[in-house]
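Subject: Handing over a structure

Hi,

Here is the structure I promised to pass on. Have a look at it first, and then read my notes below.

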Amino acid sequence: MAIHTESAPTAVVAPPTPGRSDAELSVEGLWKVFGAKASDVARDDSMERLSVQDIKKKTGCAVAVRDVSFDVGCGEVFVVMGLSGSGKSTLVRCLTRLIEPTKGKVVFQGTDITSADENALRDLRRRKVSMVFQHFGLLPHRRVLDNVSYGLEVRGTDKKDRMKRAGEVTELVGLAGYENSYPDQLSGGMKQRVGLARALASDPDMLLFDEPFSALDPLIRRDMQNEVIRLHHEMGKTMVFITHDLSEALKLGDRILIMRDGAMVQIGTGDELVGAPADDYVREFVSDIPRSRVLTLKWIMREKRADDPLDGPEMSPDTVIRDAVDPVLAAEKPIKVVSDGKLLGMVGRSEILAVIGRVDEGGA
């Protein structure tokens, strides 16, 4: 898929969702600019009308993140995706000030991280937020258990307690039997499991993932994606996941933020991105995604007609189209799309065939 990025001032942005009552993390007007005049660029409203290329020519500064705002709900898997250079990795590092934001606010559990002192930041990184990196960052001279327990050691946890916890999470991520192995004795997927276990050992409230699986082989990558899904179901942690892979984003994310040139392009659920792309950039991004595997019946249902019978089968509007194909095609009457006892619309053979008959479906 070829997506061109050379032109483009600020992209059209779908409205963010500020003020969620369940928000655990809130990001407001975040900028990260590199260069001697970084603060001037972030404060100058006229810069919002310029592309990052023009800002670079005019000021010598590189804009990595520009005016990004979003909320992440408690227990949500929020995915940030974009091509190389879109600013997504810089953004996730700004969340815990591994990279200092130039402007804006990051509020986690009611605390403004952007104004926190060094002690508060240290406590945040040791106890409340953990990060899983693309490059595993394991200590080669330490066994698996010692790598997993390292964060607890830094925190000052008693050795007996940290080894007990390390053993628990090592088993949780599927590494039982490898506790005494060294990193060079492990495969890439196993090393990433060690990194995941290390992040989980401190029992953080939020996990940040910076393209953790991009260096893995496809089959191992799929296994690790499934592992994240399983752990999320079991532990319910809030997660911010960075990726350049749309299929990965759709598989993992409750909501997805697409970035381009440091700016937000669109934020929404997977079916919203595929069903209602904000602009041509997003439309091209999602063009290769089989619509029947992402969209739900609410995207293709029609209004009830006068001659539609009401004694046909019922289905939820959240049913993925692919899962509805066989029941709809087998039914003698249109399917009723019903939610909380209310009839929302109808789906018949023609609506289903209009989706699965498209060339880009590959037979759905």
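Let me start with how the chain holds together. Of the contacts in the protein chain with a separation of 6 or more, 69% are between residues 24 or more positions apart; contact means heavy atoms within 4.5 Å.

Before going on, a word on the source: this is a predicted model, where local features need pLDDT of at least 70 and side-chain atom pairs count only at pLDDT 80 or more, while totals for chains, interfaces and linings use all residues. Residues are numbered from 1 along each chain as its sequence is written, and side-chain values use heavy atoms, with hydrogens and water left out.

The overall picture

The protein chain has 14 helices and 13 strands (DSSP runs numbered from the N terminus, with helices being H or I of at least four residues and strands E of at least two). For 364 residues, a compact globule would have a radius of gyration near 21 Å, and the 23 Å of the protein chain agrees with that. That radius is taken over C-alpha atoms, and the globule rule is 2.2 Å times the number of residues to the power 0.38. Along the principal axes, the C-alpha atoms fill a box of roughly 70 × 60 × 40 Å.

Buried residues make up 48% of the 364 (buried is under 20% relative accessible area, exposed is over 50%, and partly exposed is in between, with a 1.4 Å probe and protein chains only). The chain exposes about 17,200 Å², and carbon and sulfur atoms supply 48% of that area. Accessible areas come from the Shrake-Rupley method with a 1.4 Å probe, and for residues only the protein chains shown count as cover.

The largest pocket holds about 570 Å³ of space. It has 22 lining residues, and the closest to its centre are Arg125, Ser130, Met131, Gly151 and Arg198. Two or more lining residues come from each of α4 (118–128), β6 (129–132), α5 (144–148), α6 (150–155) and α8 (188–201). The largest share, 4 residues, is from α6. By class, the lining has 12 nonpolar, 7 polar and 3 charged residues.

For the terms: on a 1 Å grid over the protein atoms alone, a pocket is an open set of points with protein on both sides within 12 Å along at least five of seven lines, and lining residues have an atom within 4 Å of a point. Grid points are joined across faces, edges and corners, and a volume is the space filled by probe spheres set on the points. Ala, Val, Leu, Ile, Met, Phe, Trp, Tyr, Cys and Pro count as nonpolar, Asp, Glu, Lys and Arg as charged, and the others, Gly among them, as polar.

The second largest pocket has a volume of about 430 Å³. Leu250, Ile289, Arg293, Val294 and Val320 lie nearest its centre, out of 17 lining residues. At least two lining residues come from each of α10 (246–252), α11 (270–275) and α13 (321–330). This lining divides into 5 nonpolar, 5 polar and 7 charged residues.

Isoleucine 321 lies in helix α13 and is buried, at 0% relative accessible area. Leaving aside neighbours within four places in sequence, its contacts are Ser292, Leu295, Thr296, Leu297, Ile300, Ile352 and Val355. Leucine 297 is 24 residues away from isoleucine 321 along the chain, yet their C-alpha atoms are separated by 5.8 Å.

Methionine 239 is in strand β8 (residues 238–243) and is buried too, at 3%. Beyond four places in sequence, methionine 239 is in contact with Glu76, Val77, Phe78, Leu207, Phe209, Val228 and His232.

The loop between β7 and α9 contains phenylalanine 213, which is buried at 2% relative accessible area. Not counting residues up to four places away, phenylalanine 213 touches Gln192, Arg221, Met224, Gln225, Val228, Phe241 and Glu248.

Glutamate 211 sits in the loop between β7 (206–210) and α9 (218–235). This residue has a positive phi of about 45 degrees although it is not a glycine. Most residues other than glycine have a negative phi. Aspartate 340, in the loop between β12 (335–339) and β13 (342–347), also has a positive phi, about 50 degrees. Which of these is buried and which exposed? Glutamate 211 counts as buried at 11% relative accessibility, whereas aspartate 340 is exposed at 82%.

Cheers

Methods:
On a 1 Å grid over the protein atoms alone, a cavity is a set of points where a 1.4 Å probe fits but cannot get out, and a pocket is an open set with protein on both sides within 12 Å along at least five of seven lines; lining residues have an atom within 4 Å of a point.
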